[in-house]
Amino acid sequence: MAFDEDFSEFFDLDGFGIQAIIGGTSVVGIFEETFVIVLGVEGLHPTFTCAQAGIPNASHGDLVDIETVAYKIHGMQKDGTGMIVLILEDQA
């Protein structure tokens with residue numbers, strides 16, 4: 001059974017929400033950059049969480065622009081409730 005939820009309260013631009021352009025479509029979500037260490041190498045792990053319905057045609061390799069920084073979709077984690085976490089790769 002599919003959920004039909006309104007996630008707009010979670011992605012408020014006056015709160016935690018931030019605007020991104022994904023495949024030419026403007027979508028609001030939550031951007032995070034988590035510090036990670038992989039095989040002794042330090043780095044950042046950027047992700048963007050949003051409503052899956054807002055980006056129905058997004059796919060691996062698509063460009064994501066967030067605050068003048070270009071990222072590429074490296075992974076997509078759907079949670080089954082209508083939310084999706086995009087695993088991003090910085091293109092700088």
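Two strands pair if DSSP finds at least two bridges between them. I keep that rule at hand for the first entry, and I note that this is a predicted model.

**Entry 1: strands S1 and S2**

I looked up how strand S1 (residues 18-22) sits against S2. The two pair in the antiparallel sense, over five bridges. S1 and S2 form a hairpin with two residues between the strands. Glycine 23 in this hairpin takes a positive phi near 60°.

**Entry 2: strands S2 and S3**

I moved on to the next pairing. S2 and S3 also run in the antiparallel sense, and I find nine bridges for them. They too make a hairpin, with two residues between them. In its turn, leucine 39 has a positive phi of about 55°.

**Entry 3: threonine 49**

Which residue in S3 is the bridge partner of isoleucine 30? I find threonine 49. Threonine 49 lies in strand S3, which spans residues 41-51. Is threonine 49 buried or exposed? Its relative accessible area is 14%, and buried means under 20%, so threonine 49 is buried. I also listed its contacts, leaving aside residues up to four places away in sequence. Threonine 49 touches Phe11, Gly29, Ile30, Met83, Ile84 and Val85.

**Entry 4: the aromatic pair**

I searched the whole structure for aromatic pairs and found one. The ring centres of phenylalanine 31 and tyrosine 71 are 5.5 Å apart and the planes meet at 50°, so I log the pair as tilted. I checked the cover of each ring's residue. Phenylalanine 31 has 22% relative accessibility and counts as partly exposed. Tyrosine 71 has 4% and counts as buried.

**Entry 5: the whole chain**

Last, I stepped back to the chain. I count zero helices and six strands. Along the sequence the pattern reads β-β-β-β-β-β. The radius of gyration is 13 Å; a compact globule of 92 residues would have one near 12 Å, so the chain agrees with that. The C-alpha atoms fill a box of roughly 40 × 30 × 25 Å along the principal axes. Buried residues make up 28% of the 92. Of the contacts with a separation of 6 or more, 40% join residues 24 or more positions apart. The accessible surface is about 6,200 Å², and carbon and sulfur atoms hold 54% of that surface.

Technical notes
Residues numbered from 1 in each chain as written. Predicted model: local features only at pLDDT ≥ 70, side-chain atom pairs only at ≥ 80, totals over all residues. Heavy atoms only, no water. Phe/Tyr/Trp six-rings, centres within 6.5 Å; stacked < 30°, edge-to-face > 60°. Buried < 20%, exposed > 50% of the residue type's maximum accessible area, 1.4 Å probe, protein only. Helix = DSSP H or I, 4+ residues; strand = E, 2+ residues; numbered from the N terminus. Contact = heavy atoms within 4.5 Å. Rg over C-alpha atoms; globule rule 2.2 N^0.38 Å. Areas by Shrake-Rupley, 256 points an atom, 1.4 Å probe, with all protein chains shown as cover.
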